[in-house]
Amino acid sequence: IVGRWPGALLRFLASRRELWTQSLLLTPEAYAVNVSSILGVCKRRRCTSPPVLAVSEATAKKFVEELVPVIRFVQEGLSSDTTQVPVPCSAAARSQLYVNRSCEGAAEPAKQRVKRAMLQLVDVMERLRQLLSFVEIFYKSGCVQSVLQHSLLQEPKSTSGVEASLPTAASMLLSTKLRDLVLSPLSMWPVVQLCNALILEVVRRQDTGEGRSSADTTCRELQEQCPAIFSEIDVRRCTKDASRPAVISVLQRYAAAKSPPEAVEGLRNLAAEDAAAAAQLCADKIAALPSDAVLDHARDLVAALLDAIR
């Protein structure tokens, strides 16, 4: 219906099954150490280590490099409306082709269903690509262990006051396979919480002079490489009690990661801190709008900017 490449795509994804079926975090098994008591009796004590990332930096980089051209190729294949069908040699095959073309109108819905399913698969692949890009940025930040022990990861998702019965982000990252994490935007919530914890730690280290990576550098990489994750952070929490330079960096990158219809609030928050940066971002957003959407969204962006700087 859409050519032979979907089968090749599915075989490619199946060959990477070990990545799809593992969780993002791993708790090392408790190990035993020998401890000599004051009486000289050898006892065994159980010790546990904090969670670690189950995906190495090299593995994340390798799969990102593989996924980028594959996603681009699939998107180009789905955007093409024409499919070249070779003319069969045998009379029986040509007869069957004639019957199939005679029912072309009836077959069209099937073609659309296949394309819709492939588009959904591309969305899943893109979320996986962004998740692995996040892992790369996480390693580069130099604060993996402190982030994995952040109290934010022990908080359950707030839903109608029943937080106590819900799993925490840490428990979900330990138990949920990557294939389930990237299934939908909502299922990415534990990863967004991990991103919140990363930004909080990077901002804290910048303000105390401990970090090797600035908040602006980390947020810029998050904005460019995994905007679907970065655009969902709790920006108010991430900038609470932070220094003004860190606040401006986070707000500017956060607003830039949002699509124009959703960037109004981020633009307003940025304008309250740095009007010049907000004005430049507003101009960039309007310049990037397609011609048929300028009237719909430019007015809202400019209005948000003017309201904030009055």
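**Salt bridges in the predicted model**

The side chains of Glu155 and Arg237 form a salt bridge (a side-chain nitrogen of Lys or Arg within 4 Å of a carboxyl oxygen of Asp or Glu), with an N to O distance of 2.7 Å. Glu155 lies in the loop between helix 6 (144–148) and helix 7 (169–175) and Arg237 in helix 12 (residues 235–239), so the pair ties together parts that are 82 residues apart in sequence. Helices (H or I, at least four residues) are DSSP runs, numbered from the N terminus. Glu155, at 27% relative accessibility, is partly exposed, a class between buried (under 20% relative accessible area) and exposed (over 50%), computed with a 1.4 Å probe on protein chains only. Arg237 is likewise partly exposed, at 35%.

The model is predicted, so local features need pLDDT of at least 70 and side-chain atom pairs count only at pLDDT 80 or more, whereas totals for chains, interfaces and linings use all residues. Residues are numbered from 1 along each chain as its sequence is written, and side-chain values use heavy atoms, with hydrogens and water left out.

By the salt-bridge rule, the count is nine. Side chains of opposite charge can pair when their charged atoms come close. One of the salt bridges links Glu224 with Arg220, with the closest N and O atoms 3.9 Å apart. Both residues belong to helix 10 (residues 215–225), where they are four residues apart, about one turn of the helix. Arg220 is partly exposed, with a relative accessible area of 28%.

Salt bridges with shared partners also join Glu201, Arg204, Arg205 and Glu210 into one network. Between Arg204 and Glu210, the closest N and O atoms of the salt bridge are 3.3 Å apart. Arg204 is partly exposed at 35% relative accessible area, and Glu210 is partly exposed at 48%.

Definitions and conventions. Helices (H or I, at least four residues) and strands (E, at least two) are DSSP runs, numbered from the N terminus.
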